[in-house]
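Trainee: I should like to learn how to read a structure of this kind. May we go through it feature by feature?

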Amino acid sequence: MSATTPTAGPSPEKLTKKELTADHPTWCPGCGDFAVLASFYKMLERRQLPHESIVTLAGIGCSSRFPYFVNSHGGHFIHGRAVPLASGVSLSRPDLHVFVFSGDGDAFSIGGNHLEHGARKNINLTCVIMDNSVYGLTKKQTSPTSPIGFKSKTDPGGAVDQPVNPIKKLVSAGATFVARSHASQVNHMIAMMERALDHQGFSVVEILSECVEFFPGAFDSGNPRKGGEFPLIEEKKGDGSPGDDARHDTADEVAAYRLADLPAPGRFGVFYESGRPTKNALESQWIASTRAKLGGAGAHEVLQKTFDRMK
Amino acid sequence: MTTTDPKNPSTGARADLRPEHIRDAVIRLAGNSQDGIQSAGALLARLAGRSAQDVMTYMTIPSTISGGPSLFQVRVGTGEVFSPGDEADFLVAFYQHSYEDNIGFLREGGVLLYDSDNVQPDKDDKRFVYVGIPITGLTVEALGGTAKDKGKNIFILGLIAKIFDLDVVKLERLLREKFGGKNESILNTALMAFQAGYAYPVGNVLTTRYKFDPSQDTGVQVTMEGNQALAYGLIAGGVRYGAAYPITPWTTVMEILRAELPKYGGLFVQCEDEIGAVSMALGFSYSGHLAVTGSSGPGISLKTEAIGWATMAEMPLIIVNVQRGGPSTGLPTNVEQSDLYQAIFGGHGDSPRVVLAPSTVEDCFYIAIEAARIAKKYSTPVFILSDASLATRIQAFDEPDLKSVMREFHPDLTPRPVGFQPYPLDAITQHAPPGTRMLGGVYPTVTGLEHDEMGHPTGSPRLHTAMTAKRRSKLQQLAAEIPAPEVFGGPEGDALIVGWGSTYGPIHEAVKIARQQGESLSALHLRHLNPLPNGLEKIFAKFERIIIPEMNDQGVYGYGQLATILRARYCDPKIRSLNKTNGLTFNVKEILEGVLK
């Protein structure tokens, strides 16, 4: 983090969708994830991060194919474990922008424990979770966010288990930026991703992203083009303006829970935000103070001193 | 105990501590886990190390949190000490159960030093010398009664210092180093207990004072436990990042790395579980650092899927397994070598892995450096198989020349040229870590899916064959560069004992003893278990029998884990097994009996 951390030099070229595009996505036509990918390209175009500093990582699932479709440094890891992989990158390379792409099965089921601990440790990274409430890659099994009654190949009579509430799970785990969006709303997704990128800490954007093949219409209630509505969270401005009292305080955990409990389509926007120090910052401080005590001694001197005490 | 002065035997007329010169002594301290016998034993070992004596220890601790019998055995010798000793020359018993459980390990003519406040030995058994001292009472008296009997361990250290004529100045300095960091009263209490033990007129009950021959070796030694040597070896090898989850007996390695790595600008993270830990370590590796994760058997099982990814993605990673008795929770504080198959074959798919095993505490240091070198050069996961007995064993060894062995690795962010391939078929993978500019504008993806040279997923039959061969052939290249190990003893003869891991000590001592008795016995020790060094068959050909002692089961077909692998590799029916599965280390006698029968 200090002695072993290099910094990437600036890349000369302007970053456009053309440079950022890699393999053609293998998703089914009409999949919500296309719009998430397009929003991600747009967000990167807008922000002009150094090309080599962008890192996209993922586990397993339809949405986790993401890194193959983005021309950046990236990795396709094992199911559910992309958060700790990305944490290793984030903690040891402060020069990089680390993005994790995940789905509801990857993030809330097999990777649930890692998501919680990444949030608790407040690792500085951005996690985009494409939630389609079904296992698509394996062709329609119940997912941890499938609603009760959802008929799948593993629940032919309808799902019986209570679904995970992603926002409540993330807030209670200690994520310091929690937002929710819908794959039909490109501008909103870009805005949420951009705020997540700017946030110092564990930032998550949950995006309702329809699986047209195995759970069509799942999120129509949040899509105005399909007769639904897209109700936004109005954030408190703190300016004493009329009606500000009724607006949502993103620092209020309990208020975030209340919003997260609203029935479908629920609310969209930022539920929770906190400036709690990141593990990155806390560990860096510890490393810096440890190194300071050694007065700039090199590795050989430090180890020699340790061995001298064992003579 | 080896006497060097035959004119001065230990039995004889009473006198005040008549000196007897010895080359070697085994002292066993037996008490309960909260008595501090480990720290007393460790101080003895440290003193021996500082006096340029060879030293080796052996300990058992109960897996319960507090209470339960515990023992610590120290063998100090002038010249090479290979094993902690089959029998004790000197047994210190704190309690009746310590006496009863351990008297069988005292050699005939050995000294039983017991706390007469707690132990009533059977003095009708004339095989031993009985020295009863009211250790509890005297300790309480010496410390003014407030400290109760805490300090018995240091009182006994004083007694032992007197009996073995140890260097009191050095021992007191060690006590100051150990306790000086705490508050003054703790140090003073320790020194009082030590002086009380040293001043006790032990000459009234024991007639002999033992004196170690001065060591010929004048080199500087460091004294440490196996897990310490392993942790510092990793640091010396260039490891700066790691992640793990606590599990006995691995835990102390991660504790050391957590505290030490920041001094080198690195970081070690305690993760939520074993899978999170290996994943985070792979994140460090992917970032261009050299990283480690570690555990013991059950934890390694949990990490297995991610290690498969490391093989497929060709990511350097060091995985330490401090083996214990298994399967499952098994024997958490006992020793076994039953994870060799797991290390070599424990992955899904064709997943060749490098597997190394240290032979001694000293070798824990050097094998970690070797693991780091291989992981980096071949961009592949490398296992280090240590075990519970090496983990806590204290040994003194020649101070390593840090300047010549230490390595540093930094992420190589040199811009990569047009046409860079993360997975070239004609070369060993060396990744471009994130942050590296790709001059061709094409950025690499590392992946667990079968892939082409660029890392794109592919189901191509041709590519899966070629990539499988690529991942295997780097181990074959590694095999070609490993020197064949040296044979200890003679180049030919009746039997060759082939060992791996912590059985090194008893095997080599057995060979030494057998050769002194005229037996034609030799030993070969394997540090590289997968791939094996080339040329072993030429060594095997010179012997009538090849015997493989292992602390694992003989399996369904009658052969231990290494023996099975060697039989499969060399198709040599001369290869036989000598197995042991009682959770304890081999002693020299067992190996001699097993080989010479």
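Trainee: In which loop of chain A does A:Lys139 lie?

Mentor: This is a predicted model. A loop is placed by naming the elements on either side of it, and A:Lys139 lies between strand E5 (134-135) and strand E6 (141-142) of chain A.

Trainee: Is A:Lys139 buried or exposed?

Mentor: One counts the neighbouring C-beta atoms. A:Lys139 is exposed because 11 other C-beta atoms lie within 10 Å, and a residue with 12 or fewer is classed as exposed.

Trainee: What is the phi of A:Lys140, and how many other C-beta atoms lie within 10 Å of A:Lys140?

Mentor: A:Lys140 has a positive phi of about 75°, although it is not a glycine. Its place is likewise in the loop between E5 and E6 of chain A. With 19 other C-beta atoms within 10 Å, A:Lys140 is partly exposed.

Trainee: Where do cis peptide bonds occur, and what is omega there?

Mentor: For such a bond, one reads omega and then locates the residues. In chain A, a cis peptide bond joins A:Ala264 and A:Pro265, with omega about 5°. A:Pro265 lies in the loop between helix H9 (253-260) and strand E9 (269-273) of chain A. In chain B, B:Thr248 and B:Pro249 are joined by a cis peptide bond with omega about 0°. B:Pro249 is in the loop between strand E10 (241-244) and helix H8 (251-260) of chain B.

Trainee: How is a helix to be read, for example helix H8 of chain A?

Mentor: One may begin with its span and then turn to its buried residues. Helix H8 (residues 186-198) of chain A has 13 residues and reaches 18 Å from its first C-alpha to its last, close to the 18 Å expected at 1.5 Å a residue. Among the buried residues of H8(A) are A:His188, A:Met189 and A:Ile190, together with A:Met192, A:Met193 and A:Ala196. The buried residues of H8(A) pack against helix H2 (33-47) and strands E4 (125-131), E7 (177-182) and E8 (202-208) of chain A.

Trainee: How many residues does each chain bring to the contact between chain A and chain B?

Mentor: An interface is read by its residues, its elements and its composition. Chain A gives 53 residues and chain B gives 59. On the side of chain A that touches chain B, the elements giving two or more residues include helix H3 (66-69), strand E2 (73-76) and helix H4 (82-92). The largest share of that side, eight residues, comes from H4(A). By class, that side has 23 nonpolar, 21 polar and nine charged residues.

Trainee: In which sense do E2(A) and strand E17 of chain B pair?

Mentor: E2(A) and strand E17 (residues 445-447) of chain B pair in the parallel sense, over three bridges. A:Gly74 stands opposite B:Thr445 in E17(B).

Trainee: Into which domains is chain B divided?

Mentor: Chain B has domain 1 (2-218), domain 2 (223-405), domain 3 (412-481) and domain 4 (487-596). The centres of domain 2 and domain 3 of chain B, taken over C-alpha atoms, are 25 Å apart. Their contact takes 16 residues from domain 2 of chain B and 17 residues from domain 3 of chain B.

Trainee: Where does the pLDDT of chain B stay under 50?

Mentor: Confidence is read both over a chain and locally. The mean pLDDT of chain B is 92, and 94% of its residues reach 70 or more. Over residues 5-16 of chain B, however, pLDDT stays under 50. Where pLDDT is low, predicted coordinates should not be read in detail.

Terms used. Residues numbered from 1 in each chain as written. Chains lettered and ligands numbered in written order. Predicted model: local features only at pLDDT ≥ 70, side-chain atom pairs only at ≥ 80, totals over all residues. Domains from an automatic or database assignment. Contact = placed C-beta atoms within 7 Å. pLDDT = per-residue confidence, 0-100. Helix = DSSP H or I, 4+ residues; strand = E, 2+ residues; numbered from the N terminus. Nonpolar A, V, L, I, M, F, W, Y, C, P; charged D, E, K, R; others polar. Pairing = 2+ DSSP bridges. Expected span 1.5 Å × (residues − 1). Buried ≥ 20, exposed ≤ 12 C-beta atoms within 10 Å, placed from the backbone.
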